[in-house]
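Please read the report below alongside the sequence and the model. It goes from single residues to strands, then to the whole chain and the pair of chains.

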2 protein chains.
Amino acid sequence: MTNQTGIKAFVFDVFGTVVDWRSGVAREARPFLNRYAPALDAFDFADAWRREYSPAMEEVRSGRRPYVRLDVLHRENLVKVLTHYGIVGAAESEIDELNLAWHRLDPWPDSVEALRRMKREFIIAPLSNGNIRLMVDMAKRAGLPWDAILGAEVVRAYKPSPQVYSETADMLGLAPAEVCLVAAHNGDLAAARRCGLATAFVARPTEHGPHQQTDLKAEQAWEFVVGDLNELADEPGCCR
Amino acid sequence: MTNQTGIKAFVFDVFGTVVDWRSGVAREARPFLNRYAPALDAFDFADAWRREYSPAMEEVRSGRRPYVRLDVLHRENLVKVLTHYGIVGAAESEIDELNLAWHRLDPWPDSVEALRRMKREFIIAPLSNGNIRLMVDMAKRAGLPWDAILGAEVVRAYKPSPQVYSETADMLGLAPAEVCLVAAHNGDLAAARRCGLATAFVARPTEHGPHQQTDLKAEQAWEFVVGDLNELADEPGCCR
């Protein structure tokens, strides 16, 4: 990565790419499950909650539902998952509190250092489907040094809808090719590339746990393919 | 200021409140004026440029014009000011470059320290009419440690239109009274109060130069009235 690439800003997928959502949600869910479903595996619970994520956003992407922020979708999905597992008796306030699990995810070990390095040379921002408050709470807790909070809520649309990528570049006053999306997901990168953005794949082979089958490797010739975010910052000419 | 006030986020007017736009624009304009109008006072030039600011935004506020970001309005206003002064011969690229003066403003001496202190206890963000890229460039250059970039471009409207205040609180997942606008301008605070926000007046008696006549003191009983931003951070119970 060098400034000769013409890249001025790196924007990041967050869930799975910058933070480990599965471990974080499982950790946050454990005390709740101890009260209501002590035999339930907290990672299974996290996986079940996450399985509702894309279908819920698809209602918005398809136009069947106006944009609502991810906190709202997460809350609705959580109720579905509780119903699925037959968990009853939790107070609304307990469900609200558990819904904040997504605000309290830990970064992968390389994320904070790499973001600090990249921030010296580039604009860095999340380009996440997470809403603004979620991203702010996560960043304050984890020390993610974003220059701005961009993404779905600012554009009022969910990735991989093209306007999320295109309007984000426009808001940064940049041509699409001057913006690089960093993601652990080939599908997200493919959508960004169709909008003209540069792309960086970072392998996160345990995002979905020890038996992950998807996104183990780059499926296209992305501009950058790295094993972690420090490797991206290490690219020649980048970050002192 | 204590957490007992219920305030969770402080949002800031920026031009005049956090940064000294007049000195910064004059400093950035001087080399340009040396080439095209060496006898022209750079502060007069800055004042003339700023006089076009509110009328240009009023076109958007009134609905006569769709939202366009402040960089665009600043550029149009600059051309008007050059015409007014009879300045001809500047290349488009020179005008573009001068337009970035607003991205390169220095903070008032108390701003960075106070924001760092307040950030430990509260969400802090600009609530400015400046666009996202302008705010990002300014923050990176000056070390303003914002948690997010909020304001006009995110809402696609200009202060003092009420939705700028109301939608910002909503995006933060907060009730209006949990958000405090900090501004050196009584009119901005009045508009925020009408939307239910808390308000903090900071005196910036030289924003408009040594002969300033407006906003020298608080014109209503704002929740906080301070002489600089460290005084705000000093309020009992606030910022360690």
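B:Pro160 is found in the loop between α8 (152-155) and α9 (162-171) of chain B. Here helices (H or I, at least four residues) and strands (E, at least two) are DSSP runs, numbered from the N terminus. The peptide bond from B:Lys159 to B:Pro160 is cis, with omega near 0°. In chain A, the bond from A:Lys159 to A:Pro160 is also cis, with omega near 5°, and A:Pro160 lies in the loop between α8 and α9 (162-171) of that chain.

This is a predicted model, in which local features need pLDDT of at least 70 and side-chain atom pairs count only at pLDDT 80 or more, while totals for chains, interfaces and linings use all residues. Residues are numbered from 1 along each chain as its sequence is written, and chains are lettered from A and ligands numbered from 1 in the order in which they are written.

Two residues of chain A have a positive phi without being glycine, and the table lists them.

| Residue | Phi | Loop in chain A | Other C-beta atoms within 10 Å |
|---|---|---|---|
| A:Arg156 | about 65° | between α8 and α9 | 15 |

The last column decides the exposure class: a residue is buried if 20 or more other C-beta atoms lie within 10 Å of its own, exposed if 12 or fewer, and partly exposed in between, with C-beta atoms placed from the backbone. A:Arg156 is therefore partly exposed, with its 15 atoms.

Next comes a strand of chain B. Strand β4(B), residues 179-183, is mostly covered, since five of its five residues are buried. In a regular strand the side chains alternate between the two faces of the sheet. In β4(B), B:Val179, B:Leu181 and B:Ala183 point one way, whereas B:Cys180 and B:Val182 point the other way. All of these residues are buried.

Which strands pair with β4(B)? Two strands count as paired if DSSP finds at least two bridges between them. Strand β1 of chain B (residues 9-12) pairs with β4(B) in the parallel sense over four bridges; in this pairing, B:Phe12 has B:Val182 as its bridge partner. Strand β5 of chain B (residues 198-202) is also parallel to β4(B) and is joined to it by four bridges. There, the bridge partner of B:Leu181 is B:Thr199. From β4(B) the chain crosses through helix α10 (residues 186-194) of chain B to β5(B), and this β-α-β crossover is right-handed. That term applies if, with the strands pointing away from the viewer, the path from the first strand over the helix to the second runs clockwise.

Chain A shows the whole sheet. Six strands form an open sheet in the order β3-β2-β1-β4-β5-β6, and the pairing is parallel. At the edges stand β3 (150-151) and β6 (224-226) of chain A, each with a single partner strand, so one side of each has no neighbour in the sheet. Strand β1 of chain A (residues 9-12) is joined to β4 of chain A (residues 179-183) by four bridges, and the two run parallel. In this pairing, A:Val179 is the bridge partner of A:Ala9.

As a whole, chain A has 11 helices and six strands. Its C-alpha trace spans about 60 × 35 × 30 Å along the principal axes. The radius of gyration (taken over C-alpha atoms) of chain A is 18 Å, which agrees with the value near 18 Å for a compact globule of 240 residues; the globule rule is 2.2 Å times the number of residues to the power 0.38. Of the 240 residues, 46% count as buried.

Finally, how are the two chains related? A rotation of 180° with 0.0 Å of shift along its axis superposes chain A on chain B, with an RMSD of 0.0 Å. In chain A, the C-alpha nearest the axis belongs to A:Ala148, 2.5 Å from it.

Definitions and conventions. Copies are superposed by least squares on the C-alpha atoms of residues with pLDDT of at least 70 in both.
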